Amino acid sequence: TECGYLETMRVIVTGGAGYIGSHTCVRLLEEGHDVAVLDNFENSQPESLQRVQDIAGRDLSIHRGDVRDTGSFADFFDVWRPEAVIHFAGLKSVGESVAEPERYYTTNVQGTVNVAQAAVKAGASSFVFSSSATVYSPEAQMPVDETAELRPGNPYGWSKRMAEQVLTDIQAAQPQLSMALLRYFNPVGAHPSGRLGEDPRGVPANLMPYMARVADGTYPALKVFGDDYPTPDGTGVRDYVHVVDLADAHLAALDAVGASSGVLTWNVGRGTGISVLEMVEAFERVTGREIPIERVDRRAGDSATSFAEVSEISRRSPWRAIRGVDEMVRDLWQWQSMNPQGYATGITNEAFKS
Ligand code: NAD
Ligand code: WQD
């Protein structure tokens with residue numbers, strides 16, 4: 001800070017081994033915070049946390065537990081006594097949520113109840129939650145601001161909307177605990193070291209990890225889902241935000257939450273949309289690789305355009321998205337090239353358990 005005094009906190013990060021959580025842990029450690037991660041590693045690998053510590057040059061604590069099962073982490077919160085909790089742990093596949101809604105509500109809603117309850121009991125004063133632009137209506141006018149109607153189009157979005165309501169009500173009952181609900185747009189890219197990134201299981205459902213696997217030859221072509229949308233080139237427009245910028249938004253939220261009371265709700269995006277074809281063009285230009293495309297039908301449930309009104313986060317914090325599309329592509333491609341198998345290194349979850 002300006003006066004040279006660093007206010008460090010004890011922070012519990014749920015889902016800290018995951019894509020966004022791992023990048024946020026690096027930034028927290030770099031800023032001097034004491035970090036403890038709660039994760040069940042169902043969609044991540046302990047290896048990511050090893051790398052987080054290598055990059056930051058500091059250690060964090062790791063606790064294997066499940067947010068659905070309070071008994072698996074209550075003691076950890078009691079002993080650790082966090083001042084702040086950042087709650088990333090959750091499930092995030094829209095398609096899966098349609099097929100298995102119970103799992104999504106149990107993990108994302110009941111899990112959030114459990115983590116918030118533990119935060120209250122431990123005496124935490126700040127809580128930051130991973131919400132999603134999916135809470136808005138697929139028909140919302142863009143750019144969409146935080147006061148827009150919440151009308152999710154799928155169970156995943158509903159689980160995030162419900163979790164937001166749970167947290168808002170808990171905050172009203174526990175005014176000592178201030179909250180930030182961060183509605184992420186489309187997080188992409190990787191750590192500039194090339195050592196942290198997104199490691200989806202199986203065939204990637206999202207544009208950028210799929211494109212990276214077309215570039216490296218894993219898949220023959222990128223399927224462009226629809227080219228008849230009412231957008232300039234007919235393909236879907238999204239607000240992509242570099243994962244390191246997104247990580248920094250959590251630090252900005254901790255600062256803002258610490259200085260206020262109540263619930264802050266912030267869109268986190270760049271405030272501009274780019275199309276699938278524009279992203280393909282950027283990827284080819286930055287990496288020098290060719291991305292063959294195949295035009296196919298629209299994907300069910302997709303909207304034409306999504307981008308954020310970001311004046312709220314700008315007004316309430318110094319945070320700005322400073323990394324552009326070229327850096328998103330460059331860092332993603334470096335991660336993909338350096339880790340063609342993601343974190344798979346022979347270190348299995350089973351090995352970690354013992
Ligand atoms: P991720 O899957 O990489 O990370 C989630 C982490 O939570 C993983 O480490 C996973 O093992 C852990 N986890 C899952 N279920 C758990 C449980 N029951 N108990 C303990 N840990 C559990 O996903 P991410 O992309 O880093 O997303 C983090 C959060 O941000 C999620 O809540 C997600 O819904 C939200 N979000 C993500 C995006 C996106 O596009 N990536 C967009 C908006 C919101
Ligand atoms: C982006 C654009 C596709 C893949 C999803 C979730 C959302 C949030 C982020 C968590 C769209 C097009 C994609 C492909 C394509 N997650 N596309 N070919 O759908 O905006 O958001 O992830 O909260 O909730 O819905 O992201 O990366 O899947 O798609 O043409 O192989 O790329 O149609 O226009 P999306 P995405």
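Modeller: Let's start with strand E5, which gives the most to the shell around ligand 1, with three residues. Strands here are DSSP runs of E with at least two residues, helices are runs of H or I with at least four, and both are numbered from the N terminus.

Some ground rules first. This is a predicted model, where local features need pLDDT of at least 70 and side-chain atom pairs count only at pLDDT 80 or more, while totals for chains, interfaces and linings use all residues. Residues are numbered from 1 along each chain as its sequence is written, chains are lettered from A and ligands numbered from 1 in the order in which they are written, and side-chain values use heavy atoms, with hydrogens and water left out.

Now the shell itself. Ligand 1 is surrounded by 28 residues, and Asp39, Asn43, Ser44, Phe88 and Tyr156 are the closest; being near a molecule takes a heavy atom within 4 Å of it. Sorted by class, that shell holds eleven nonpolar, eleven polar and six charged residues. Nonpolar covers Ala, Val, Leu, Ile, Met, Phe, Trp, Tyr, Cys and Pro, charged covers Asp, Glu, Lys and Arg, and the others, Gly among them, go down as polar.

Next come the polar contacts, meaning pairs of N or O atoms within 3.5 Å. Tyr19 has a backbone N or O atom 2.8 Å from an oxygen atom of ligand 1. From the backbone of Val67, an N or O atom sits 3.0 Å from a nitrogen atom of the ligand. Lys160 uses its side chain instead: an N or O atom there is 2.8 Å from an oxygen atom of ligand 1. On its own, ligand 1 has 820 Å² of accessible area, and the protein covers 95% of that, going by the Shrake-Rupley method with a 1.4 Å probe. Two or more residues of the shell come from each of helix H1 (19–30), strand E5 (126–132) and helix H6 (155–173).

How values were computed
A polar contact is a pair of N or O atoms within 3.5 Å; within protein, one must be able to donate a hydrogen and the other to accept it, and residues adjacent in sequence count only if both atoms are side-chain atoms.
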